[in-house]
Amino acid sequence: MDVRADGTENFVIGVDYGTLSGRAVVVRVRDGKELGSAVFDYPHAVLTDALPAETSGIEPARLPGDWALQVPNDYRDVLRQAVPAAVADAGIDPAAVVGIATDFTACTMVPVKADGTPLNELAEFANCPHAYVKLWRHHAAQPQADRINALAKERGEEWLPRYGGLISSEWEFAKGLQLLEEAPEVYAAMDRWIEAADWIVWQLCGNYVRNACTAGYKGIYQDGKYPSEDYLAALNPDFRNFVSSKLEHTIGRLGDAAGYLTAEAAAWTGLPEGIAVAVGNVDAHVTAPAARAVEPGQLVAIMGTSTCHVMNSSGLSEVPGMCGVVDGGIVDGLWGYEAGQSGVGDIFGWFTGNGVPPEYHEEAARRGLGIHAYLTELASGLAIGEHGLIALDWHSGNRSVLVDHELSGVIVGQTLATRPEDTYRALLEATAFGTRTIVDAFRNSGVPVREFIVAGGLIKNELLMQIYADVTGLRLSTIGSTQGPALGAAIHAAVAAGRYPDARSAAEAMGAEPGAVYTPIPANVAAYEELFREYRTLHDYFGRGANEVMHRLKAIQREAKAPLLPARVPV
């Protein structure tokens, strides 16, 4: 099944769309061997201050706080640049490629016309922020999320417990309601409110198929239906037909073919026209098969700018603060659970960019080290608790278990003797405490966590991995691939191309072997238990209503920055 008639090998392409770049990997169908890869950085990266200067002939619109936008053509450029480069790096004949699949950040939303054209590519909306892609970390829809949650709780909506009792401001409905209420002209012009995970597949095969993963986790699609029109109208009368007119569409099963590569996409990628294009997927969920973690109790954490935790279970339970539980959300036949942390690598990057003095950067450069490696080396020499600090990892809000993006970061215990390496280690530990909180939530709700597997760019930090093992008390193994999401996408491409019957069998043959393994150190586990109790005290004090100072500060900040963004579309 994995060779052509002439005896040569077959290959598939996995394309992983991250926050700042897209990466393509060429994978052999027979055994999952990664033969070549390439990365393309998005030219516009993430828009947080203003729209691109080249989008119109007038001054680019400014963006308020908590906005995060992207330019959809950057995603097409990944296909044009990274895919041909990966094929060249692999040194294979493109004619031997039998399928391509993609994974994407989520919830990342694109407002489009009926033919898939993003609204920002229309001249009349080129300088309108709401016409652009709203990236997963766009958190400006928190007021809408608050109303969604309050109304759902008041009405006893049956779908709310499937999301841990709270819908995130990152998800489809909150962002869609913000669009309606702040830019009704854009909302009216929009024919489809579509996940970027599905939009890029549409670009490849010419078919719009809504993937089951984002529909369930991000789109409140449960038991074959969305929230009712009555509920939506109670939020806003003009939101009544949001599902039927903007969102609802044919749902594709993970691993199925959404269609086949068009002539245009074949020209972009250099791949054969007509090869299978898999239904879209999410970067975290697609990684589980790559890690061979498709059985109940195997928790996979994909650690990069943020962290997403995914795990299968044989049963349905209500876990407070989870992102969602979806039947078949990861693999068919099991309930797929998702939780997450909105900021992890982003927090470390923020600190090195803003909190580390020049002499540290200079010393790191003198020694031929990156600043993260240098700080990690210094932090490794500290005893647990020696820095005297506790931090809350909420610099980008809290996704799980509080589901509140109005929360913000805290560092307690700083003195005039506190050094950068002290704070750096405290931030590493804070993210581990956040993951421990998620693990505890699962266990306390009757969802066992038996294994902890980590993928993503942060697995190269050995100190961080050992801290996570010690804080969670779990044996931690890393995936043996540096491109876990792209490998997972390639596995789904092989299934879509008919080379394997399902993701489970494909994962068995193509999944990565385990990488490094970290075992909890008993003395460290005991020391971190004491610090974790302090973390939980702060967590509950600032996050569960005892002190609403973070929400008040956010309100003050918005008032101070307003009005940076016009409420209506510029004419």
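Strand E1 (residues 11–17) and strand E2 (residues 21–28) run antiparallel and are joined by seven bridges, strands here being DSSP runs (E) of at least two residues and helices runs (H or I) of at least four, numbered from the N terminus. This is a predicted model, in which local features need pLDDT of at least 70 and side-chain atom pairs count only at pLDDT 80 or more, whereas totals for chains, interfaces and linings use all residues. Residues are numbered from 1 along each chain as its sequence is written, and side-chain values use heavy atoms, with hydrogens and water left out.

**The six-stranded sheet**

- Strands E1 and E2 belong to an open sheet of six strands with mixed pairing, in the order E3-E2-E1-E5-E12-E11, where two strands pair if DSSP finds at least two bridges between them.
- Helix H5 (residues 196–205) lies across E1, E5, E11 and E12, and runs at about 155° to E5; axes are lines fitted to C-alpha atoms, for helices over the stretch in contact, with angles from 0 to 180 degrees between N-to-C directions, and contact means heavy atoms within 4.5 Å.

**The seven-stranded sheet**

- Seven strands make up an open sheet in the order E15-E16-E14-E13-E19-E20-E21, again with mixed pairing.
- Strand E15 (324–327) and strand E21 (514–518) are at the edges with a single partner strand each, so one side of each has no neighbour in the sheet.
- With direction ignored, neighbouring strands of this sheet are turned by 25° against each other on average.
- Strand E19 (residues 451–455) runs parallel to strand E20 (residues 476–479), the two being joined by three bridges, and Val454 has Thr478 in E20 as its bridge partner.
- Helix H14 (residues 420–444) lies across strand E13 (298–303), strand E14 (307–313), strand E16 (335–341) and E19, running at about 150° to E16.

**Ala284**

- Ala284 is found in the loop between strand E12 (276–278) and helix H10 (287–290).
- Ala284 counts as buried, with a relative accessibility of 1%, the class being set at under 20% relative accessible area, against over 50% for exposed and in between for partly exposed (1.4 Å probe, protein chains only).
- Leaving aside residues up to four places away in sequence, Ala284 touches Ile302, Cys308 and Val310.

**Cavities**

- Three cavities of 30 Å³ or more are counted, a cavity being a set of points, on a 1 Å grid over the protein atoms alone, where a 1.4 Å probe fits but cannot get out, with lining residues having an atom within 4 Å of a point.
- The largest cavity holds about 60 Å³ of space, where grid points are joined across faces, edges and corners and volume is the space filled by probe spheres set on the points.
- Of the 14 residues lining the largest cavity, Gln341, Asp393, Trp394, Asn398 and Ser400 are the closest to its centre.
- The second largest cavity has a volume of about 40 Å³, and strand E5 (97–104) and helix H16 (484–496) each supply at least two residues of its lining.

Technical notes: On a 1 Å grid over the protein atoms alone, a cavity is a set of points where a 1.4 Å probe fits but cannot get out, and a pocket is an open set with protein on both sides within 12 Å along at least five of seven lines; lining residues have an atom within 4 Å of a point.
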